[in-house]
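The following exercises are to be worked through with the structure in view. Each task is followed by a solution in steps.

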Amino acid sequence: MSVAKAETVAIVGLDGYPVEVEVALASGLPQFTLVGLPDASIQEARERVRAAVLSSNERWPMQRITVNLSPAHLRKAGPGFDLAIALGVLAADGRIAQERLREMCLLGELSLDGTIRRVRGALASAMAASQAGKRAILLPRANATEATLVGGIDVLPVDHLAQAVRFLRGECTLDGVAEGAAEPPAPVEDDDADLTDVRGQTLPKQALELAAAGGHNLLLRGSPGGGKTMLARRLRGILPPLTHKEALEVTRIYSVAGLLPEDAGLITQRPIRAPHLSVSTAGLIGGGSLVPQPGEVSLAHRGVLFLDEAAEFKRDALQALRGPLEEGTVTIVRGRWAVTYPARFQLVAATNPCPCGYLGDALRSCKCVPGRLATYEERLSGPVMDRIDLQVEVERLKKKELFLHAPGASSAVVRERVIAARGRQADRLATFGIQINADIPTASLEQAVAADASAKRALERSVDQLGLSARGVHRVMRVARTVADIAGDDVVTHDHVESALLFRFDPKK
Amino acid sequence: MRFRSDNGRVLAEGVDWRMIERGAAEYPSKLEHLPDPPDRIWVAGRRLDRLPPAVAIVGTRTPTPYGTDVTEALANDFAMGGVCVVSGLARGIDAAAHLGALDRGTTVAVLPGGIDVCYPSSHRNLYTRIAELGALVAEHPPGTPTRKHRFTHRNRIIAALALATVVVQAGERSGALSTARHALGIGRDVFAVPGDIRIDVSVGPHELLRDGAAPCTCAGDVLERIGVELARESAMRDLQEAPADMPPEQASVLALVGKQTMSAETIGSLAGFDGSTLAKTLVRLELGGWIARGAGGSVRRLR
C-alpha cells in the first residue's frame with residue numbers, strides 16, 4: 001500500500017483553513033472513495049478527477065483508492081479540491097515526487113479535459129496558505145492576480161493538469177506572478193457619476209455631503225422621478241478612498257462570493273449595492289443552504305447600501321438589518337455552522353412621501369387613503385430608522401428649471417472637504433474608540449459633541465417650536481458636530497445646530 | 001370619548017345625542033325649504049337654533065396643497081366673521097373646512113350615517129372636537145352604517161343648513177357638485193373657488209362657474225352676499241410686516257414666499273443661496289414661527 005499527501009484550503013465564511021488530502025492506494029477491486037465530511041459537490045470530484053487525469057495522458061491506478069480530507073470535522077464544499085486530489089492520486093501512484101508536492105498549496109477545479117478552472121475565495125486561500133507556512137500556491141491563472149495581494153508566498157498560475165504534473169516532475173518551469181502586480185496606479189474616478197451632473201437639488205447635495213463627512217445614514221424622501229437614485233449613486237464618489245486594509249477586506253468578500261472579475265486584483269472603489277425591494281432576508285444579510293454566502297450587507301462593506309422604495313421592502317428583511325447596522329458585522333447560523341461576515345456599510349434609504357408618491361405635489365392630488373399612509377410610515381419605523389440621522393426632501397424639478405441652475409461643486413472638491421472633516425473627527429473621537437460622528441453613542445454625546453451655550457439654546461428652542469423629540473435632538477447633535485467638522489470649528493455653536501436642523505429626522509412613534 | 005369597532009363601523013360611545021322632531025323649537029327652519037325635509041334628526045353638541053348663520057364648504061377628498069390651504073383660510077375667515085361652517089366630515093376639503101373653522105369659531109358636521117357612527121374612522125379626533133365645540137347632525141337613527149346612497153342624500157341637508165355653498169376643488173363627478181345642485185334647487189347661492197386650469201380637481205368648480213355660479217376669491221365675496229360684514233383681518237391674504245431688525249437673508253425669503261406654497265429649491269435659486277445658507281435661513285424662519293414646511297419640502301408662510 002502507498003500513501004501520499006497534498007495540501008489545499010477550505011473556505012468557511014471569509015477564512016481559509018488548511019486541509020490535508022490523504023490518498024491511499026491499496027490492492028483490491030478498483031474503487032474510488034472520498035471520506036472526511038465532503039459534501040455532494042466534492043463527491044462529484046471523483047468523476048472529474050479521473051477524467052482529467054486520463055485526459056492528461058496519465059495512468060489511472062487500477063487499485064482501491066481512498067481519499068481522506070482532514071481535519072475531518074471541517075465541512076468542505078465546492079470544486080476547489082479537484083487539483084489537490086488529482087495530484088495526490090498521481091503522487092501515491094509514484095508518478096510525481098511527494099517532497100515537491102508537500103511544499104505547496106494546491107487550488108483549482110478540473111474540467112474533464114484537464115483544464116484548470118477558476119475558484120472562489122483564492123485570496124482567502126492564499127492568506128491561509130501563507131500563514132500555514134507554505135512557500136508557494138499553485139492555482140488557476142484567472143485567480144493569480146488576487147492571490148498576489150498576499151505577500152510572502154509564490155503565486156504559480158497553471159492552465160492544465162498536464163502542465164502542473166510536468167512542473168512537479170521538474171520538466172518545466174512556471175512563470176510566477178510578481179507580488180504587487182495587482183496594485184492599481186491610483187484610485188479610479190467614478191466618471192459617470194459626478195456631483196456636477198446633478199443640477200439644482202441644493203439641499204439634497206448639502207445633506208449628501210453631511211452624510212459622507214459624518215458617516216450618517218441618510219433618508220431621501222421625494223416623488224418618483226425626482227432623482228433620488230441619481231443622488232444616492234453619487235455618495236461613493238465623495239467618500240474618502242479605501243485604505244489598503246479596507247480594500248483587502250472588500251476584495252476578500254468579493255473573492256469568496258465569486259464576484260471578483262477575472263484577473264482582477266484589489267478592489268479600490270467603494271462598493272455600492274442597490275438590492276431590489278423583493279430581496280429575501282437571506283439575500284440581504286447572507287445565507288444559503290450549505291455554507292452561508294455573504295449577502296448584500298457584506299457586499300456593501302465599506303461602501304453604500306442603497307434601498308430604493310425602502311418602505312416596500314419585506315418587513316423581515318428590514319428587521320434583519322438591525323444587527324449589521326449596530327455591530328458592523330453579520331453572523332449567519334446554518335445548522336452547525338455559524339459564519340461571521342463584516343458588514344460595515346453606509347445606508348441610504350429612499351422613499352416616496354406616500355404610497356402613490358404625490359403627497360404634497362403642487363399639481364397632482366394624492367390619492368392615498370390616510371389609513372394606508374400611516375402604515376406606510378410605520379413600515380419605515382423601528383430598527384432601521386433608529387440608525388438614520390439625516391433626512392432630506394428631494395424635489396421633482398421641471399426640465400426647464402434644470403437649466404436655471406449652475407453646476408455645483410464637483411465630487412472631487414466635495415471629497416476633499418469630506419476627507420478633512422473625517423480627519424478631524426478621527427482625532428477627536430479616538431478617545432471614544434470610534435472614528436465617525438454617526439457612531440457617537442448617546443451616553444457620550446455631551447462630551448463628544450462639545451456644544452456651547454448658544455447651541456444648547458437653539459436645541460431647546462427646536463424642542464419647543466418644532467416639537468423635536470429627545471431622540472431627534474440626539475440626531476441633530478451628531479449632525480451639527482459634522483457641520484462643525486466640515487467648517488473646521490472645534491466648538492459646536494447655534495450656527496451649526498441651525499444648519500443641521502433642516503435635515504432633522506424625527507419619525508413620530 | 002371612546003370609540004369601538006363594530007361590524008365595520010366605528011361607534012362613538014358616550015355621545016350625548018338628542019333626537020329632534022320636525023316642528024320642535026331646535027329643528028332648523030331652513031330644512032323646511034327642502035322638498036323632502038327629514039321628519040326627525042339626531043344632534044350632538046351645541047343647540048342648532050343658537051348657532052350663527054352658516055356657509056357650507058365642500059369639495060374633493062383628494063385635494064392638492066392649494067385646495068387644503070385655501071379651504072382652511074376661507075373657513076378661518078368665515079369663523080372670524082362670525083359665520084358657522086357646515087361640511088360633511090369627509091377627508092380632504094371637508095376636514096380642512098372643519099379644522100379651519102374650529103380655529104376661530106364653530107362648525108357643523110352633517111354625518112352620512114347614524115349620529116354615533118364616525119366616518120371616516122380616522123377622523124375620531126375631529127369628530128370629538130366638533131361634538132365639543134360645534135354640532136354633529138345626522139338624519140338616520142344611531143348605529144346606521146354609512147352606505148353609498150346615503151352620502152348624496154345627506155348632501156341636501158348640508159346645502160339646506162347653509163345660506164350659501166362654496167365648492168373648493170371637485171372632480172367631474174364629485175359629491176360636492178351634488179351639494180351645489182341641491183343648494184341651487186332650494187334657491188341658495190353657490191360659489192366656486194377658481195383653481196389651476198391644468199388639474200382634474202379644478203374641473204368641478206370651473207364647470208359651476210361656467211353655469212353661472214359666483215366666483216369666490218375671498219371670504220368677503222360670500223359674506224357680502226349673505227349680508228355679514230367681514231372682519232378686518234383675513235387669514236387668506238394678510239401678512240405681517242417683517243420686523244426691521246430681521247437679518248437680510250430671512251427678510252428676502254419672506255419677501256419671496258407669499259401664502260402660496262413654494263418649493264425650497266425655488267427659494268434657494270431665486271434668493272441665490274448656497275445649500276448651507278438656504279438650510280440655515282429656512283430653519284431660522286421656522287424656529288421664528290414665520291414659515292412651515294410641508295410634504296415634499298415645500299415652504300408656506302404662516303404669518
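Helices here are DSSP runs of H or I with at least four residues, strands are DSSP runs of E with at least two, and both are numbered from the N terminus. The model is a predicted one.

**Exercise 1. Describe the overall make-up of chain A.**

Step 1. Under that definition, chain A has 22 helices and 18 strands.

Step 2. The C-alpha trace of chain A extends over about 90 × 50 × 45 Å along its principal axes.

Step 3. Of the 509 residues in chain A, 48% are buried.

Step 4. Consider contacts in chain A between residues at least 6 apart in sequence: 75% of them join residues at least 24 apart.

**Exercise 2. Determine how far helix α3 (residues 82–92) of chain A is enclosed by the rest of the structure.**

Step 1. The cut-off is needed here: a residue is buried if 20 or more other C-beta atoms lie within 10 Å of its own.

Step 2. The buried residues of α3(A) include Asp82(A), Leu83(A), Ile85(A), Gly88(A) and Ala92(A).

Step 3. Eleven of the eleven residues of α3(A) are buried, so this helix is largely enclosed by the rest of the structure.

Step 4. After α3(A) comes Gly94(A), with a positive phi near 80 degrees.

**Exercise 3. Characterise the packing of α3(A) against helix α7 (residues 161–168) of chain A.**

Step 1. The axes of α3(A) and α7(A) are 11 Å apart, and the packing angle is about 50 degrees.

Step 2. Angles under 35 degrees count as roughly parallel and 65 to 115 as roughly perpendicular; α3(A) is therefore oblique to α7(A).

Step 3. α3(A) and α7(A) cross in a right-handed manner.

Step 4. From α3(A), the contact draws on Leu83(A), Ala86(A), Leu87(A) and Leu90(A); from α7(A), on Leu161(A), Ala164(A), Val165(A) and Leu168(A).

Step 5. By class, this contact of α3(A) with α7(A) comprises eight nonpolar, no polar and no charged residues.

**Exercise 4. Carry out the analysis for helix α8 (residues 248–256) and helix α9 (residues 264–271) of chain B.**

Step 1. The axes of α8(B) and α9(B) lie 10 Å apart, at an angle of about 120 degrees.

Step 2. Roughly perpendicular covers 65 to 115 degrees, and roughly antiparallel begins over 145; α8(B) and α9(B) are therefore oblique to each other.

Step 3. The crossing of α8(B) past α9(B) is right-handed.

Step 4. α8(B) contributes Ser252(B), Val253(B) and Leu256(B), while α9(B) contributes Ile267(B), Leu270(B) and Ala271(B).

Step 5. The classes in this contact of α8(B) with α9(B) are five nonpolar, one polar and no charged residues.

**Exercise 5. Is Gly283(A) buried, partly exposed or exposed?**

Step 1. Gly283(A) belongs to helix α11 (residues 281–285) of chain A.

Step 2. With 17 other C-beta atoms within 10 Å, Gly283(A) is partly exposed.

Step 3. Leaving aside residues up to four places away in sequence, Gly283(A) touches Pro275(A), Gly295(A) and Glu296(A).

Step 4. Gln293(A) is ten residues from Gly283(A) along the chain, and their C-alpha atoms are 8.9 Å apart.

**Exercise 6. Describe the contact between chain A and chain B.**

Step 1. Chain A provides 32 residues and chain B 33 residues.

Step 2. In chain A, α8 (202–214), α15 (370–380), α20 (453–466) and α22 (494–501) each supply at least two residues of the side that touches chain B.

Step 3. That side of chain A has twelve nonpolar, 13 polar and seven charged residues.

Technical notes. Residues numbered from 1 in each chain as written. Chains lettered and ligands numbered in written order. Predicted model: local features only at pLDDT ≥ 70, side-chain atom pairs only at ≥ 80, totals over all residues. Contact = placed C-beta atoms within 7 Å. Nonpolar A, V, L, I, M, F, W, Y, C, P; charged D, E, K, R; others polar. Axes fitted to C-alpha atoms, helices over the stretch in contact; angles between N-to-C directions. Left-handed = near helix turned anticlockwise from the far one by under 90°. Buried ≥ 20, exposed ≤ 12 C-beta atoms within 10 Å, placed from the backbone.
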